[in-house]
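Hi everyone, thanks for coming.

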Amino acid sequence: MYGFGFVKGLTTTIKHFIGTYTDEFNWAGKGGRYYNDEALKVRQSLKTEGAITVMYPEEKLEMPERFRFVPFLIMDDPAPGQKAGKDWCTSCGICAKVCPPQCIWIERGKKPNGRPKPEPEGFYIDIDICMNCGYCSEYCPFDAIKMDHDYEMASYDRSASHIHDKERLSKPISYWRAIAPGRAADEERRRVEAAEAKNKKKAARGR
Ligand code: SF4
Ligand code: SF4
């Protein structure tokens with residue numbers, strides 16, 4: 001029937017409009033419809049009544065594990081009294097090679113005898129150029145670079161540097177385990193399996 005779609009759409013809009021107010025009434029005395037974690041969960045589920053708007057920045061949605069924003073570097077958890085732990089990055093340069101917009105640059109560390117050492121002296125990512133593709137993280141053979149969940153990087157200062165250096169990029173492995181527990185556990189299992197296979201091979205060769 002001509003106009004049926006229009007009436008159907010309008011009915012849904014009116015239903016949501018009224019639902020927002022009745023829902024607000026339902027949550028009165030239980031912490032309110034907004035700025036309340038429990039209410040936000042319901043609002044984001046199929047049980048929602050009314051507008052599903054998230055009142056950002058006071059309210060924030062939980063990030064799924066696979067969410068990816070700019071990369072960060074993994075280091076060991078710092079020992080007590082230390083500011084930083086050991087870097088996982090070996091400065092192999094693979095991430096810089098595969099980065100499509102070429103926004104990673106690495107300064108490889110040097111031993112006192114001048115030979116290269118498997119640690120970065122400097123590591124820089126131009127965050128303004130990074131397109132959050134996650135290639136660096138996918139290709140790193142050492143699980144040393146991961147995609148962050150921290151997306152709040154806007155600043156009021158135009159002169160703030162958006163080239164993140166090693167100090168800014170480095171975060172302890174416990175941070176990665178906290179934001180992506182499933183993936184971190186999976187990677188850990190694969191590392192253990194690889195180490196065991198390597199040891200077995202070594203033992204077989206020594207026989
Ligand atoms: S690929 Fe991994 S180990 Fe190699 S330089 Fe990049 S972050 Fe470091
Ligand atoms: S996420 Fe993509 S664009 Fe950003 S640094 Fe990694 S490879 Fe480059």
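**A walk through the model**

Let's begin with a packing contact: the buried residues of H1 pack against helix H2 (37–43). Before I go on, some ground rules. This is a predicted model, where local features need pLDDT of at least 70, side-chain atom pairs count only at pLDDT 80 or more, and totals for chains, interfaces and linings use all residues. Residues are numbered from 1 along each chain as its sequence is written, chains are lettered from A and ligands numbered from 1 in the order in which they are written, and side-chain values use heavy atoms, with hydrogens and water left out.

Now the words I just used. Helices (H or I, at least four residues) and strands (E, at least two) are DSSP runs, numbered from the N terminus. Contact means heavy atoms within 4.5 Å. Buried is under 20% relative accessible area, exposed is over 50%, and partly exposed is in between, using a 1.4 Å probe and protein chains only.

So which residues of H1 are buried? They are Gly19, Thr20, Asp23 and Trp27. As background, an α-helix has 3.6 residues a turn, so residues three or four places apart point the same way.

After H1 comes Gly29, with a positive phi near 90 degrees.

"Over" here means NZ of Lys or CZ of Arg is within 6 Å of the ring centre and within 35 degrees of the ring normal. Lys171 does this with the ring of Phe72, at 5.7 Å from the centre.

On to aromatic pairs. Rings of Phe, Tyr and Trp (its six-membered ring) pair if their centres lie within 6.5 Å; planes under 30 degrees apart are stacked, over 60 edge-to-face, and the rest tilted. By that rule we get eight aromatic pairs. One of them is Phe67 with Tyr151, edge-to-face, at 6.1 Å centre to centre and 75 degrees between the planes. Phe67 lies in the loop between H2 and strand S1 (71–75), while Tyr151 is in the loop between strand S4 (145–147) and strand S5 (163–164), so the pair ties together parts 84 residues apart in sequence. Together with Tyr56, Phe67 and Tyr151 form one aromatic cluster.

Now the ligands. A residue counts as near a molecule if one of its heavy atoms lies within 4 Å of it. Around ligand 2 there are 14 residues, the closest being Cys99, Cys130, Cys133, Gly134 and Cys136. Around ligand 1 you'll find, among others, Cys89, Ser91, Cys92, Cys95 and Cys140.

Let's stop at Ser91. Is Ser91 buried or exposed? Ser91 is buried, with a relative accessible area of 3%, and is found in the loop between S1 and helix H3 (94–98). Leaving aside neighbours within four places in sequence, the contacts of Ser91 include Ile106, Arg108 and Lys117.

Last stop: Leu169, in helix H5 (residues 166–169). Leu169 is buried as well, with a relative accessible area of 1%. The C-alpha atoms of Leu169 and Val70 are 9.4 Å apart, although 99 residues separate them along the chain.
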